[in-house]
Amino acid sequence: MPSSHPSSDLILHRLSSSDYEIKLKAIREIKNQIIGNRTKKLSYIKLGAVPSVADALATANSDSDFGSNLIVQSAAVLGSFACGVDQGVRAVLDAGAFPHLIRFLSAADEKVVDAAARSLRMIYQSKLAPKFDFYKEQNMDFLLSLLRSENENLTGLGAGVIIHSCETSDEQNILCQAGSLEKLISGLDGSINQRDASLESLATILKNNPEAVSKFAELQNGRALRSVIELTKDRYSRTRLLACLCLICIKNSSSCHLQDIGIKTKLIYILLELLDDSSQVGEEASFAFSSLVSGKEDLQKLAFEANAIDKFYNHLQNCALHPKRLEGIFLALAELCSKLECCRSKFISLQVLNLLISALTHDEANVRTAACKCLKSVSRSIKNLSAGYFMNERIVIPLVRLLSDLSTSVQVAALGAISNIVVDFTPDKSTFIQCGGIKELVQLTKSMDSSLRLNAVWSLRNMVFLADRMCKEAIFMELTVSSVASLICDSEPSVQEQALGLVCNFVDGCMDCVEFAFAEDGIILDAVGRQLWKFSKMEIGIQGMYVLSNIASGNEFHKEAIMQLLFPQAENGSHSLLSQYLQSNDSRLRTSAAWVIVNLTVPASPGAFDRVVKLRNFGIVSQIKRMISDSCMDVKLRARLAFGQINSFGDS
Amino acid sequence: MSLFWIVIRQLAQIEAMAASKKVITREEWEKKLNNVKIRKEDMNKLVMNFLVTEGFVDAAEKFRKESGTEPDIDLATITDRMAVKKAVQSGNVEDAIEKVNDLNPEILDTNPQLFFHLQQQRLIELIRNGKIEEALEFAQEELAPRGEENQSFLEELERTVALLAFEDVSNCPVGELLDISQRLKTASEVNAAILTSQRHEKDPKLPSLLKMLIWAQNQLDEKAAFPRINDLSTAALEDAV
């Protein structure tokens, strides 16, 4: 708690004086103390200076010279409190200064207008500023008058309002239709500040809005677009960055603009060069890079050829990196390595992994999350997975520790990386098991957070894939039968799907593995059966059928249990579950159902004949016969196989 | 003909010549120079730009009257800016800060490095005037928080505070901080920040032109022998060696 300095007490006392001269002097003193000085700002806010200054502002008379001066000084103080300090913005808004500042925008005295506009601009740079309602006509008139003004402070405020409040595509369209694009474009030829403000507000309006982008691209026969492209070569780094961001917004919203390889290469090179900038621009450049290449293989390829990975690696080696920079670089690398094996190979050959591993234990949660996302992308490399590159203590131990991280986003990101790493093609998962990985994962399957549950089950599913019997048993014991059954009936369909996938992987393999589904009176099998009847997502039905198919590859008892599930006593005719699946529009569903029949009708099994008879009675055999000419190859092949087996028992 | 004319013509000429490879005699060169057209208005604008950016208010005013060239910024703002610059150069930093805040309260709020340097200069002035007690208090109250708010200032902060540790400040390792050149450095920084905030380019155009001339001459040198301007202050054409 900052103790109040004797001098600040005096100033506050004078602030509430009824003598205007004394008040003005006090306000000016505060102004000169707080500008540039964050510590002093916080101190004065705590001492309650803001309401007094706001009062002075509200009661001043803008028609008199003295009143104007008081307004200018008070507005400057309030603007400074709000500049980059959230508590300041809060205090200024709470003190009711906002409507007065708006009022003074139309004052006669230019100095008053400037002061008010500046303060409002500071407020609008914060998320705490009041949301501007674009739907009200008088608001739009007001906004347009700001954009039309000759006064740079007013146009800057207009741009700031747009940047702050324009979020939905409806709002973007309102702004477009009102002609704000044209006004902002003229700012591109203006001063440094005008250009930057125009670029940022244009990007806000054009983001994810193909209509707005088309309109923009057509303006002045494409001159506006060309201006933005020119600005990517500006001498000021911030302008270059904002121009790139604007172009990225345009490119991502349009399928015909900025699609040639020239502009793509240019953007990549400019952003990579901006990384060298030591100011905030350098930080933001990597985030811009991520949004440029995200999900776009062609851009990732271009970036790879531009040696992007080397460049990012060089930056990472600089030890005194700001956490924001680290986060940005790892996120960019995550995007770069998300699809292309060449990028992942480069990443691994450069030994960036060492730096990534230390980032897993960074103080900042965002850095840890970014490092995990990067690891998730890199571990998609099948070549390295099968070489067991990732399944070692250096990586697994810190990663498992992150499963109990305080931040949910870190946990989810860690789970993402683990899901890939455990798809280790070697059956030995002992490293992971030894550092308590399974316990952590199982714990997370019980989380209230659905994304944690989902990713934890997914990781377990991947882990069980092709795992040996001992590993499966270890996991199964930890999970318990009842929790598997309840995950199959989870409230989230995506969790249901993964749970079924998990069971599918459990029962795949040896005869003993099939027994898993029957543990504790077969509650797991019951749960599977229930989901097959009322699934909400196609994938759930498919997974469920494959579970049945795997079980049906077991012994007689197993096969009979499946028959019992598919054809309960009371049912008859063509409404059977299996019948419905065989008729489904989704070929994957048809395929999975066909597999079940293949496994049920294996000729070598003793009870196969009886099963075939039953299938015939339920009309399944004739369905299978028809499916031999199915349009989907997978379905055709399975149907043919099944029918061949059925035929070997006599006529059909 | 003024030196300025010669320099500008030289530059334009070289750019035109860059494509060919040969030896050019003085007569040929001067003939071509004379054919290069430069507008007087452009020249005047360059001169005005220089006077304004460097802050020569009276000269700019006179030049405007005599040549009819309009300055690209309001001359009144130059006066304000020069007052700030002068205050820093005389060591009246507190006064300079007040003036900057009157001119534009945003400047110091959005330029942490500049603000730090001004605070640093204040400390230096207190030490220079032997006010050690006050200096210590100031360092603790005002400078230390800057270092807390921004790690990158810590190193410079340490250097400045080191001044307090030495009896004979003018002979200590960080003694250069007491030089007048430090004041000029800070003054220049403030000047640039004010210019930027007034939407003016902070560097005058003339030096860029001269740099371009030297570069262009060097480029042409690789392809031809021609009369060069080696002394910018006289703009005399010297024959190639």
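Helices here are DSSP runs of H or I with at least four residues, strands are runs of E with at least two, and both are numbered from the N terminus. On that basis chain B has 12 helices and 2 strands. The order along the sequence is α-α-α-α-α-α-α-α-α-α-α-α-β-β. Chain B is more spread out than a compact globule, because its radius of gyration is 24 Å, well over the 18 Å that the globule rule gives for 241 residues. That radius is taken over C-alpha atoms, and the rule is 2.2 Å times the number of residues to the power 0.38.

Some housekeeping. This is a predicted model, in which local features need pLDDT of at least 70 and side-chain atom pairs count only at pLDDT 80 or more, while totals for chains, interfaces and linings use all residues. Residues are numbered from 1 along each chain as its sequence is written, chains are lettered from A and ligands numbered from 1 in the order in which they are written, and side-chain values use heavy atoms, with hydrogens and water left out.

Staying with chain B, its C-alpha trace spans about 70 × 40 × 30 Å along the principal axes. Of its 241 residues, 44% count as buried; buried means under 20% relative accessible area, exposed means over 50%, and partly exposed lies in between, with a 1.4 Å probe and protein chains only. A contact means heavy atoms within 4.5 Å. Among the chain B contacts between residues at least 6 apart in sequence, 59% join residues at least 24 apart.

On charges, Lys and Arg count as positive, Asp and Glu as negative, and His and the chain ends are not counted. Each charge is placed at NZ of Lys, CZ of Arg, CG of Asp or CD of Glu. Chain B has 30 positive and 43 negative charges, with mean positions 11 Å apart.

Now chain A. It has 42 helices and 0 strands. Chain A is also described as more spread out than a compact globule, since its radius of gyration is 33 Å, well over the 26 Å from the globule rule for 652 residues. Its C-alpha atoms fill a box of roughly 110 × 60 × 50 Å along the principal axes. Buried residues make up 57% of the 652. The 67 positive and 70 negative side chains of chain A have centres 3 Å apart.

The assignment, automatic or from a database, gives chain A domain 1 (7-130), domain 2 (131-257) and domain 3 (576-651). The centres of domain 2 and domain 3 of chain A, over C-alpha atoms, are 61 Å apart.

Next, backbone angles. Most residues other than glycine have a negative phi. Where does N208(A) sit? N208(A) is in the loop between helix 13 (192-206) and helix 14 (210-218) of chain A; its phi is near 55°, and it is exposed at 59% relative accessible area. L258(A) has phi near 60° and lies in the loop between helix 16 (237-253) and helix 17 (261-274) of chain A. L258(A) is buried, at 9% relative accessibility.

Last, V72(A), in helix 5 (residues 65-82) of chain A. V72(A) is buried, at 19%. Leaving out residues up to four places away in sequence, V72(A) touches K111(A), V112(A) and A115(A).
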